Amino acid sequence: MSRFIETIRIEDGRIHNLPYHNRRMDVTRRNVLHQIGTLDLSDYIRPGNYRERTKCRVEYDKDILSVDYAAYHIRPVSSLRLVVDDEVTYRYKSTDRSVLNRLFAFREAEDDVLIVRRGLLTDTSVCNVALWNGKQWVTPSMPLLAGTKRASLLDKGEIVADDIRPDDLPVYSRIRLFNAMIEFGEIEFPVDRIVL
């Protein structure tokens, strides 16, 4: 069995979105590893020395196995290719990204893929997405991975979840890509940059 990871943003000596990372880690440990206890990542992460945006990668199974820090720079994305895979699963954030890497390889001239599973949009290879319909930002209701930033934005009412099919894309004008390391709004481009 592969190990699991949390990727956590540290900036200005502060850990971002920690309660959501703790919750997701505990759900994974309970559902996959059958652990009933909880862990608190603040007991393992030392954010004080990191002023610039830093990626803190925590690897775990029943216990925390490693904590690593690296400078983070956003990879520019301004186009996506729709890729269909009805069987793809990545419910738990794992060190085994082989299925995502396989789909990413189908991007051709685009910067990343937007994965369609069972007729519904899900995620890119590394980000959750939200699309602007003129009134609100809508995120796919069935993502491959329920991201921590996505959960936070849903709780704050900044996005709403709904089914989005490829045929629905003309209803939307813009798309945003986001994750624990990328703020909502830092990557945004027109929906017509999604290639079928």
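**Close-ups of a predicted model**

**View 1. Lining of the largest pocket**. S1, S3, strand S7 (120-124) and H3 each give two or more residues to the lining of the largest pocket. Helices (H or I, at least four residues) and strands (E, at least two) are DSSP runs, numbered from the N terminus. The pocket holds about 570 Å³ of space, a volume being the space filled by probe spheres set on the points, with grid points joined across faces, edges and corners. By class, its lining has 14 nonpolar, seven polar and nine charged residues. Ala, Val, Leu, Ile, Met, Phe, Trp, Tyr, Cys and Pro count as nonpolar, Asp, Glu, Lys and Arg as charged, and the others, Gly among them, as polar.

A word on what you're looking at: this is a predicted model, in which local features need pLDDT of at least 70 and side-chain atom pairs count only at pLDDT 80 or more, while totals for chains, interfaces and linings use all residues. Residues are numbered from 1 along each chain as its sequence is written, and side-chain values use heavy atoms, leaving out hydrogens and water.

**View 2. The second largest pocket**. Its volume comes to about 360 Å³. Of the 20 residues lining it, Arg24, Val27, Arg91, Ala146 and Gly147 sit nearest the centre. H1 supplies six residues, the largest share of this lining, and H3 supplies at least two. Sorted by class, you'll find ten nonpolar, five polar and five charged residues.

**View 3. Helix H1 and what covers it**. H1 has 14 residues (18-31) and should span 20 Å at 1.5 Å a residue, which agrees with the 20 Å between its end C-alpha atoms; the expected span is 1.5 Å times one less than the number of residues. Buried residues in H1 include Leu18, Tyr20, Arg24 and Met25. Buried means under 20% relative accessible area, exposed over 50%, and partly exposed in between (1.4 Å probe, protein chains only). Strands S1 (4-11), S2 (14-15), S3 (54-60) and S4 (64-71) are among the elements covering the buried residues of H1, as is helix H3 (148-156). Asp26, also in H1, is buried at 13% relative accessible area. Beyond its neighbours within four places in sequence, Asp26 is in contact with Gly37, Thr38 and Leu39, contact being heavy atoms within 4.5 Å.

**View 4. Cys56 and Cys127**. There are zero disulfides in the whole structure; the term stands for a pair of cysteine sulfur atoms within 2.5 Å. For Cys56, the nearest cysteine sulfur belongs to Cys127, 18 Å away. Cys56 is buried, with 0% relative accessible area, and Cys127 is buried too, at 3%.

**View 5. Thr95 and Arg102**. Thr95 lies in the loop between strand S5 (80-84) and H2 and is partly exposed at 31% relative accessibility. Its contacts, leaving aside neighbours within four places in sequence, are Ser2, Arg3, Phe4, Ile5, Arg57 and Glu59. Arg102 is found in helix H2 (residues 98-104) and is partly exposed at 41%. Its C-alpha atom is 9.5 Å from that of Ser125, 23 residues apart along the chain.

How values were computed
1 Å grid on protein atoms, 1.4 Å probe; cavity = no way out; pocket = protein on both sides within 12 Å on 5 of 7 lines; lining within 4 Å.
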